[in-house]
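Please read it alongside the model.

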Amino acid sequence: MTAPSSDELYMDSKQSDPIEAHQPTAVVCQEKEDALEKHEVFKKTSDGVNFRTVSWPRATIIFLKIQFAMSILSVPASLATLGAVGGSLSIIGWEALNTYTGIILGDFRNRHPECHTLADMCGLVWGPIGKELMGVMILIAQILIVAAGNVSISTAFNAVSDHGACTVVFSFVSAVLITIFSAVRTFSRLGWLTWFGFATFFVAVFIVVVGVTTLDRPTAAPPTGPYELGWYAIAYSTFTAGMVGPANIFLSGSGSSMYLPVISEMRNPRDYRKAVYVTSTLVGALYLTFSLVIYRWCGQWLATPAFGSAGGLLKKISYGIALPGLVIGVGIYQHVAAKYLFVRVLRNSPHLQKNTVVHWVTWIGGNVLLGALGFIISEAVPILNYLLGLAGAICFAPMSLVIPALLWMYDFPEYRSGAPSSKAIYAFHGLIVLIGAFMVVGGVYAVAVAIKEAYASGLIGGVFECADNSGTVS
């Protein structure tokens, strides 16, 4: 007798309220829970590699490092276009929405435990075409993030060393370090290093936040004479600036789709909600407080790169402390992409959890390939930052807003024709789809305008340049 599918088990244990926790284990018998366990990608085993070793506190720190990254230093610039009130509401609103859609994704994965990534979920709903398209989207998004991470880490090396070597060399070293970290096979072992990475990056950002409050005037402001700080409670901006600001805030917390491979390696995947709620509370509080302080003291004069906002000395100190956090943070993104390739190639084969030659060649080869692509793109694409914004609009808005809402609608079609309250809940998820679609269209337009303006002003740099990218050497 074959085990029932996860869809059959889910239909037997469907909950009446989709806004509340969907916990099949609370209402189904142990036999059904065991059957769901059989559909997990990674099995609990003592023979070979046991990937299922991540506790929910360790999952929390991994989630924190995914969300708490260099993007925190771009949020104050968004406040400059939205104002302190508008920016604060945007941070709170987007964090709440990103949290909810992250919960949707985790609930869907637990109802369909064979889903390792968003690509598997799209395959379940829309077939092979949906799976392949989402798989390509995941890889594009992650590779571009890794490429941008290379740029950030090479900037740190330049800042600390006073541009002690060609930037291409620093970028290559960055790619090697990222790949070494991402090649750690399990999220459980990554978790120990991630604690250190989060702590160092937090300290570095805190130094910048405290440092800007000690300056007579922002570092990027005119050195002498009067100047306009540019602090507003409510700001009135153009459509383009008004789209870029909220888009940057949204993107800073839109990594919930990356939670899915971590959940697949948790000892008890049902505990993922604890990790998500703790992560969202801490990240929201950090983004809100740090951004408001930096915006209050720097206004529109946020230095580029942002660590330079506290002055030259503190820029070197903060970058030096942040280096481990930068490497580890980018390494997690590369690890997620490599794990996607790894599972895609070896799924349902004995090599997936066995220390075979095929196992190791697939895992190490995927990491090296992704590291090489990240390095090449970071140096060969002169409009990388703009492409990253474009990828954010095209990839992360669908992955964090549109797809989660559609997945919820797939699992709960009866709400479309139920009681008025049920219809309202269904309509709410339809609204999330529309918000995501608007972010795609508006974000693409805003980035296109920014690229046009950058070309016109000569801001677009060359390929494989040795020049300093940290602003340390004129």
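## Cysteines

The sulfur of Cys-115 has its closest cysteine sulfur in Cys-122, 9.2 Å away, which is too far for a bond. The cut-off for a disulfide is 2.5 Å between sulfur atoms. This is a predicted model. The structure holds one disulfide and ten salt bridges.

**The disulfide and other cysteines**

- Cys-166 and Cys-466 form a disulfide. Their sulfur atoms are 1.8 Å apart.
- The pair links distant parts of the chain, 300 residues apart. Cys-166 sits in the loop between α5 and α6. Cys-466 sits in the segment after α14 (420-457).
- A disulfide is a covalent bond between the sulfur atoms of two cysteines.
- The link of Cys-166 and Cys-466 is left-handed, with -85° about the S-S bond.
- Cys-466 counts as partly exposed because its relative accessibility is 41%.
- Cys-115 has a relative accessibility of 1%, so Cys-115 counts as buried.
- Cys-298 also counts as buried, at 1% relative accessibility.

**Salt bridge: Arg-109 and Glu-40**

- The side chains of Arg-109 and Glu-40 meet in a salt bridge, at 2.9 Å from N to O.
- This pair links distant parts of the chain, 69 residues apart. Arg-109 belongs to helix α4 (residues 75-111). Glu-40 belongs to the loop between α2 (30-38) and α3 (56-67).
- Are the two partners buried or exposed? Arg-109 is buried, and Glu-40 is buried too.

**Salt bridge: Glu-132 and Arg-344**

- Glu-132 and Arg-344 meet through their side chains in a salt bridge, 2.6 Å from N to O.
- Glu-132 lies in helix α5 (residues 118-161) and Arg-344 in helix α11 (residues 312-346), so the pair ties together parts that are 212 residues apart in sequence.
- Glu-132 counts as partly exposed because its relative accessibility is 36%.
- Arg-344 counts as partly exposed as well, at 38% relative accessibility.

**Salt bridge: Lys-339 and Glu-265**

- A salt bridge joins the side chains of Lys-339 and Glu-265, at 2.4 Å from N to O.
- Lys-339 lies in helix α11 and Glu-265 in the loop between α9 (259-263) and α10 (272-298), so this pair ties together parts 74 residues apart in sequence.
- Why does Lys-339 count as buried? Its relative accessibility is 0%, and the cut-off for buried is under 20%.
- Glu-265 likewise counts as buried, at 0% relative accessibility.
- Elsewhere, salt bridges that share partners join Asp-120, Lys-131 and Arg-347 into one network.

**Thr-186**

- Thr-186 lies in the loop between α6 and α7.
- Its relative accessibility is 8%, so Thr-186 counts as buried.
- Which residues does Thr-186 touch, not counting those up to four places away in sequence? They are Val-49, Phe-51, Glu-265, His-335 and Lys-339.
- Thr-186 and Val-449 are 263 residues apart in sequence. In space they are 41 Å apart, C-alpha to C-alpha.

**Ser-188**

- Ser-188 lies in helix α7 (residues 187-212).
- Ser-188 is buried because its relative accessible area is 8%.
- The side chain of Ser-188 makes a polar contact with the side chain of Thr-53, at 3.3 Å.
- Ser-188 touches Thr-53, Val-54 and Arg-58, not counting residues up to four places away in sequence.

**Nonpolar surface patch**

- Which residues form the nonpolar patch on the surface? They are Val-169, Phe-172, Val-173, Val-176, Leu-177 and Ile-180.
- Together these residues have about 490 Å² of accessible area.
- Val-176, one of the patch residues, has its place in helix α6 (residues 167-182).
- Val-176 has a relative accessible area of 35%, so Val-176 is partly exposed.
- The cut-off for patch residues is over 30% relative accessible area.

Terms used
Residues numbered from 1 in each chain as written. Predicted model: local features only at pLDDT ≥ 70, side-chain atom pairs only at ≥ 80, totals over all residues. Heavy atoms only, no water. Patch = residues over 30% accessible without salt bridge, like charges linked within 9 Å, V, L, I, M, F, W, Y side chains within 5 Å. Areas by Shrake-Rupley, 256 points an atom, 1.4 Å probe, with all protein chains shown as cover. Salt bridge = Lys/Arg side-chain N within 4 Å of Asp/Glu carboxyl O. Helix = DSSP H or I, 4+ residues; strand = E, 2+ residues; numbered from the N terminus. Buried < 20%, exposed > 50% of the residue type's maximum accessible area, 1.4 Å probe, protein only. Polar contact = N/O pair within 3.5 Å; in protein donor to acceptor, adjacent residues only side chain to side chain. Contact = heavy atoms within 4.5 Å.
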